[in-house]
Amino acid sequence: MKDFSVINKRLPRVDAWSKVTGEARYAADLSMPNMLYAVLFQSPLAHAKILNIDTSAAKKIVGVKDIVTYKEAGTIRYGVSPARYDETMFCYDKVRYVGDEIAAVAAIDFETAMEAASLIKVDYEELPFYLNVFDAIKEGAVPIHDDYPNNIGAEVHQEFGNVEDAFKECDYIRTDRFVNKKQDGGFLEPQACLAYYDMNGNLTLYTSTQTPHYVQRTVSMVLNIPIGKVRVVKPYVGGGFGPKASANTIELAASLLSMRTGRPVKMVMNREQVFMHSRGRHQFYHELTTGVKKDGTIHALKNTCYLDGGAYSSFGIATVYYAGSLLGAPYRLPNMKYDGYRVYTNKPACGAQRGHGGVAARAAWEQQLDIIAGELGIDPIEFRLKNVREKGEVTCNDFNLSSFGMKECLEAIRDRSDWKNKKGKLPKGKGIGVACGFFVSGAGYPIYRSETFHSTAMIKLSEDGGTVELYTAAAEIGQGSDTVLTMMAAEALGVRYEDVKIYSGDTDFGVDLGAYSSRQTLMSGHAVKQAAEDVKRQVLEVLSKRLNIPVEDMDIKDGYIVFKKGPVDFSGIRSYYIKEHRGWAEQPSDDRLTFKEAARIAYIERGTIVSTGAYKPGELGGKYKGATVGTSPAYGCSAQIVEVTVDMETGKVTVDKMTDAHDCGFAINRTNVEGQMQGSLSMGLGEALFEEVKFDEKGRVANPTFGEYRIPTALDMPNVNTIIIESDEPNGPFGAKEVGEGAIMPTIPAILNAIYDAVGVRIDELPVTSERLYNAIKEKERKK
Amino acid sequence: MLLLPRFDYEEPKDLSEACKILAGLKGNGKIIAGGTDLLVNMKKGLVSPSCLVSIGRIPGLSEIEPQNSSIFIGSNLIVAKLTEFALIRKRYPMLYEAASVLGSPLIRNRATIGGNIVTARPAADLPPPLIAMGAKIKLKNKRGEREIELEKFFKGPGETIIKQDEILTGIILDEPPMFSGGSYIKLGHRKALEIAIVAVASFITLDKPDGIIVDAKVILSSVAPKAIHAVSAEKTLIGEKPTNKLIEKAANLASGDCTPIDDIRGSAEYRCAMVEVLTKRTLTAALKQAKKSR
Ligand SMILES: Cc1cc2nc3c(=O)[nH]c(=O)nc-3n(C[C@H](O)[C@H](O)[C@H](O)COP(=O)(O)OP(=O)(O)OC[C@H]3O[C@@H](n4cnc5c(N)ncnc54)[C@H](O)[C@@H]3O)c2cc1C
């Protein structure tokens with residue numbers, strides 16, 4: 001292990017103080033003089049033609065400053081992937097779900113805006129609506145989007161190897177089905193924004209987003225403002241988990257209203273609107289057929305999936321690919337066939353959510369593999385160990401596993417959880433289960449076709465030499481990117497953590513695709529490291545000239561210049577510096593030359609010292625259609641063991657213990673890595689046991705509150721035993737890769753497998769509420 | 001955005017002033033205690049009082065007062081306190097159990113016992129054990145004071161017999177009889193912040209430690225518009241010697257004593273089945289206590 005000064009440690013987050021004291025300002029906390037407040041008017045119907053929109057009564061309310069509909073906004077189409085731009089700022093021909101946006105009202109306060117919005121009158125012609133995938137694709141169903149007459153917005157057909165032939169070579173084949181439920185992001189901070197279009201035609205948009213860059217592009221395109229005049233700034237963000245990874249209507253509407261009124265405009269979603277806007281986890285209907293050899297070798301997988309996409313595409317075109325491609329690892333699987341269909345329905349649009357596209361597929365498959373191991377009489381961990389891939393292997397769908405600590409993860413949790421003495425030996429009602437996971441470390445390509453860098457960074461040394469200013473457009477959304485980027489800058493440059501000041505989440509600072517697909521530590525990290533190394537080189541070059549020592553004979557570490565070949569006379573620099581600072585309390589007196597002195601000299605010599613870094617992945621594998629979804633510079637993997645207690649009479653599941661190992665390549669901040677593991681586990685636990693966005697018969701969200709939509713409370717989370725595995729990723733900065741999303745992958749199936757161990761029933765539908773499990777237990781008793 | 005509508009706010013210093021203010025408001029005023037129900041409902045636009053009258057400064061309403069053979073619990077006592085007083089925990093353990101599963105620590109630090117009663121939610125946690133133990137409540141207005149059995153207070157969801165100008169001042173709980181015991185169990189999805197799928201409170205009294213059951217109360221919650229008695233279960237228990245078999249029989253009858261509905265939290269069928277399970281569990285726990293008590 002190399003000797004590091006800053007990284008690989010447990011340093012406090014850079015934003016710890018401002019968050020715990022409440023000093024941190026989120027978008028909804030912001031205000032500006034002369035600001036207007038705006039609200040949306042949304043469809044009460046799931047599917048209807050718009051015949052007429054009447055805003056006249058609303059306009060008469062005193063205090064209303066502007067009302068906009070499609071007439072003012074235009075009908076430029078946008079979305080996430082340019083191949084599926086199917087949204088407009090406001091509906092014009094029809095509404096496609098309850099909550100579809102029709103108008104926005106700006107007024108002197110929220111009360112007035114809400115009152116006015118309630119007076120907008122729309123005449124509709126109701127259309128048949130579909131709340132279920134299978135109704136939407138029936139013969140004769142009315143298309144939700146004219147371009148997709150059968151309501152299938154995207155489909156994928158892939159085959160690697162030859163699955164039919166491979167099944168003939170298998171000794172054991174089984175088919176299982178699995179369905180999850182629509183999961184909400186469940187972030188604590190609802191979307192909010194503040195837009196200000198100034199006299200010079202510059203738009204500044206403060207918004208709660210994961211992706212300032214994509215929001216900037218969408219706003220520029222939809223409102224037709226030159227992109228250089230659009231600045232998107234991300235304040236502190238209270239979680240995103242995927243749903244905040246693209247532009248939303250309030251960002252567009254607030255910007256439009258500000259352009260028209262010349263005043264700052266603020267918009268805030270309420271919790272019900274968050275549920276309606278959604279863009280959270282899809283509902284996936286998987287059917288998996290897996291074939292294995294007698295000895296437990298996995299040989300072939302056939303995967304069919306229908307995704308309930310909701311009314312718009314959002315990230316769905318990527319989701320439908322991921323629901324297939326992410327099963328390509330972590331096991332040696334030579335033959336894989338996938339047919340995926342993403343279906344439009346009249347519900348809130350689904351998008352990317354932590355573990356994008358792969359969570360339900362993983363749950364389904366890991367449960368099936370557990371069944372298969374049982375049928376073959378092989379211990380589930382032994383079965384997995386037999387099949388896992390290792391570093392350097394390439395999957396059947398061309399994923400290059402440049403580092404891969406899967407085996408190490410499995411062995412670690414097996415040993416740490418005392419699996420051998422528990423599996424099959426626990427009393428009835430208690431169970432233990434295992435599962436593995438796999439995820440990308442950053443999407444290999446931007447969401448729009450481009451050769452853009454994925455991340456840039458800029459470092460400027462303050463002219464006094466004392467402070468390193470790091471500028472990045474990367475989005476800190478609570479996951480800790482500001483902290484790890486600061487740590488990487490400090491390490492690469494050789495200064496202390498506290499010497500680096502980070503400015504982030506602002507499109508004026510460069511390009512960064514944002515916080516999604518678990519990409520920032522690897523990609524933004526590369527750019528930052530490169531910029532830091534360049535600054536270091538510049539400072540050392542100046543020193544080299546001054547002191548007449550080759551650059552290679554010097555280094556910078558912990559804020560000091562290191563002379564590798566023994567002491568050097570730097571008294572010239574020292575006395576110059578002291579002269580410059582006559583009368584100052586602190587003067588360098590150390591017998592070592594400080595970075596501050598060196599950086600000051602560099603400035604005197606060259607002017608302001610600035611450097612930049614830029615990263616994009618190199619050539620990635622895969623030439624087949626859809627290879628761009630799933631290929632990544634690196635892949636994370638994980639394994640988990642969960643122990644549960646089931647109340648046999650009520651069906652209630654209590655998760656007693658979780659042991660989780662994750663290969664993150666290299667932990668930049670060990671506490672942050674564990675935090676991501678714990679957060680992922682709690683989100684997985686919620687999806688496994690509690691969470692489900694429900695709809696009434698009219699297509700309205702039936703539980704749009706945190707009272708009836710249940711994310712786990714602190715009391716529902718057991719202690720988690722976290723184990724960090726470091727496999728030293730060659731394509732990552734300092735060897736680092738993802739942990740943000742991959743860690744969620746094994747949670748659901750590990751819980752399901754533990755429940756089976758406890759009570760002997762398999763559940764193929766989430767969430768495992770007490771009632772669902774109770775019914776399954778009763779069903780099994782009846783069959784006896 | 002959910003915005004709180006505008007309202008006036010009064011903070012009377014004693015009960016008679018509070019009664020006067022409330023009477024003067026002629027139905028446009030509402031008492032505010034912890035506000036954990038009221039403010040939520042105001043934000044949703046379900047109620048819109050022009051004035052809120054706080055009872056926070058009125059002496060005596062936020063305390064527990066032991067009396068001769070009973071205790072008086074001030075209506076403004078926060079639920080967290082019910083979980084802290086040794087007296088409650090020892091003498092009225094089922095009230096302690098119910099209080100400790102109400103909401104979350106944050107909610108328990110604001111929510112009051114009086115608010116939990118007057119708000120009259122079908123799934124409220126405190127009424128079932130209070131009814132099972134025969135609690136009485138005191139209601140006061142400008143003209144006087146009345147004392148009634150808590151049981152008679154509820155009419156339906158959100159509906160009670162309280163008059164517009166009345167204040168609930170407190171709850172009276174008699175000392176439990178010798179050889180009695182009670183238990184409250186709530187079934188929810190999570191470990192906190194749960195509205196019950198089903199909850200059951202059982203309270204039984206024996207004539208002597210290994211004697212017969214002389215009184216039995218089985219209160220079912222979340223299975224009807226208000227907490228109800230499992231009438232046939234109670235009948236079966238009274239006069240009998242408690243055995244596992246008897247308890248199972250009573251539990252089975254209890255599930256027939258209710259006609260729950262399907263809703264977002266659970267199906268009617270599951271609820272009935274759970275009434276049986278929880279009745280069995282609460283009766284078993286109650287019996288164990290009764291055998292030990294004094
Ligand atoms: C997140 C959350 C979780 C919750 N979980 C639970 C739970 O698990 N179990 C449960 O039972 N409840 C729960 N509740 C509901 C609520 O917290 C309780 O009912 C609480 O006890 C209400 O008390 P309060 O003091 O806040 O009442 P308030 O909101 O102040 O008042 C409620 C009603 O009672 C009236 N009122 C209050 N005091 C008096 C009085 N002395 N005289 C006359 N009228 C009065 C008010 O005018 C109002 O109509 C929850 C609420 C929230 C917000």
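This report covers the ligand site in chain B, then selected helix, strand and loop features of chain A.

The model is predicted: local features need pLDDT of at least 70, side-chain atom pairs count only at pLDDT 80 or more, and totals for chains, interfaces and linings use all residues. Residues are numbered from 1 along each chain as its sequence is written, chains are lettered from A and ligands numbered from 1 in the order in which they are written, and side-chain values use heavy atoms, with hydrogens and water left out.

**Ligand site**

The shell around the ligand holds 30 residues, and I31(B), G34(B), T36(B), T112(B) and D125(B) come nearest. A residue is near if one of its heavy atoms lies within 4 Å. The shell divides into 15 nonpolar, 9 polar and 6 charged residues. Here Ala, Val, Leu, Ile, Met, Phe, Trp, Tyr, Cys and Pro count as nonpolar, Asp, Glu, Lys and Arg as charged, and the others, Gly among them, as polar.

| Backbone of | Ligand atom | Distance |
|---|---|---|
| G34(B) | oxygen | 2.7 Å |
| L38(B) | oxygen | 2.7 Å |
| L168(B) | nitrogen | 2.9 Å |

The protein covers 90% of the 980 Å² of accessible area that the ligand has on its own. That area comes from the Shrake-Rupley method with a 1.4 Å probe. In chain B, strand 2 (29-32), helix 7 (113-118) and strand 10 (167-174) each give two or more residues to the shell. Helices (H or I, at least four residues) and strands (E, at least two) are DSSP runs, numbered from the N terminus.

**Helix 16 of chain A**

Helix 16 of chain A spans residues 520-547, 28 residues in total. Its first and last C-alpha atoms are 39 Å apart, close to the 40 Å expected at 1.5 Å a residue. The expected span is 1.5 Å times one less than the number of residues. A kink of about 25 degrees is centred on H526(A). The bend is the angle between axes fitted to the seven residues ending there and the seven starting there. N548(A) follows the helix, with a positive phi near 60 degrees.

**Strand pairing in chain A**

Strand 2 (residues 48-54) runs antiparallel to strand 4 (residues 94-95), joined by 2 bridges. K49(A) has K94(A) as its bridge partner. Strand 2 also runs antiparallel to strand 6 (residues 121-126), with 6 bridges. There D54(A) partners K121(A). Strands pair if DSSP finds at least two bridges between them.

**Loops in chain A**

A cis peptide bond joins A329(A) and P330(A), with omega about 10 degrees. P330(A) sits in the loop between helix 10 (316-325) and strand 15 (335-344). The bond from L766(A) to P767(A) is also cis, with omega near -10 degrees. P767(A) lies between helix 20 (747-759) and helix 21 (770-783). D398(A), a residue other than glycine, has a positive phi near 70 degrees. Its loop links helix 12 (380-387) and helix 13 (406-416).

Notes: A polar contact is a pair of N or O atoms within 3.5 Å; within protein, one must be able to donate a hydrogen and the other to accept it, and residues adjacent in sequence count only if both atoms are side-chain atoms.
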